[in-house]
Amino acid sequence: MQNNLAMSEKLYQTVLDWVGPKPKKVLDLYCGVGITSTLLSRMGHDVIGVESNKEALKKGQEARFICAPVEAVLPKLLE
């Protein structure tokens, strides 16, 4: 979690710019609270966030989330 608000804005805007507006399938691995997943979902991307710490994940977000170790689910997600 980036606690420098000015830097947070720059980091998230950079990610959004890199991914671009054309809808894509996105895996947000080690997603933490899912900020990046949510932002990309709001842009129309099909996002799955993966985080093993269920306490970190927020409910009611637009993205889909899987609570599991990335190493355990990534092979299946890549199929």
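## Helix packing and the parallel sheet

The structure is a predicted model, in which local features need pLDDT of at least 70, side-chain atom pairs count only at pLDDT 80 or more, and totals for chains, interfaces and linings use all residues. Residues are numbered from 1 along each chain as its sequence is written, and side-chain values use heavy atoms, with hydrogens and water left out.

Helix H1 (residues 5-19) packs against helix H2 (residues 35-42) at about 45°, with the axes 11 Å apart. H1 is therefore oblique to H2; angles under 35 degrees count as roughly parallel, over 145 as roughly antiparallel, 65 to 115 as roughly perpendicular, and the rest as oblique. Axes are lines fitted to C-alpha atoms, for helices over the stretch in contact, and angles run from 0 to 180 degrees between N-to-C directions. Helices (H or I, at least four residues) and strands (E, at least two) are DSSP runs, numbered from the N terminus. Tyr 12, Val 15, Leu 16 and Val 19 of H1 meet Ile 35, Thr 36, Leu 39 and Leu 40 of H2, where contact means heavy atoms within 4.5 Å.

An open sheet of 3 strands has the order S1-S2-S3 with parallel pairing. S1 and S3 are the edge strands, each pairing on one side only. Neighbouring strands are turned by 20° against each other on average, direction ignored. Two strands pair if DSSP finds at least two bridges between them.

| Strand pair | Bridges | Sense |
|---|---|---|
| S1 (residues 25-29) and S2 | 5 bridges | parallel |
| S2 and S3 (residues 64-67) | 4 bridges | parallel |

Val 50 in S2 is the bridge partner of Leu 29 and also stands opposite Ile 66 in S3. Val 26 stands opposite Val 47 in S2. Strand S2 (residues 46-51) is mostly covered, with 5 of its 6 residues buried (under 20% relative accessible area; exposed is over 50% and partly exposed in between, with a 1.4 Å probe and protein chains only).

H2 lies across S1, S2 and S3, running at about 170° to S2. Helix H3 (residues 70-78) also packs on the sheet, touching S1, S2 and S3, and its direction makes about 170° with that of S1.

Tyr 30 is found in the loop between S1 and H2. Tyr 30 has a positive phi of about 55° although it is not a glycine. At 55% relative accessibility, Tyr 30 counts as exposed.

Technical notes
Right-handed = clockwise from strand over helix to strand, strands pointing away.
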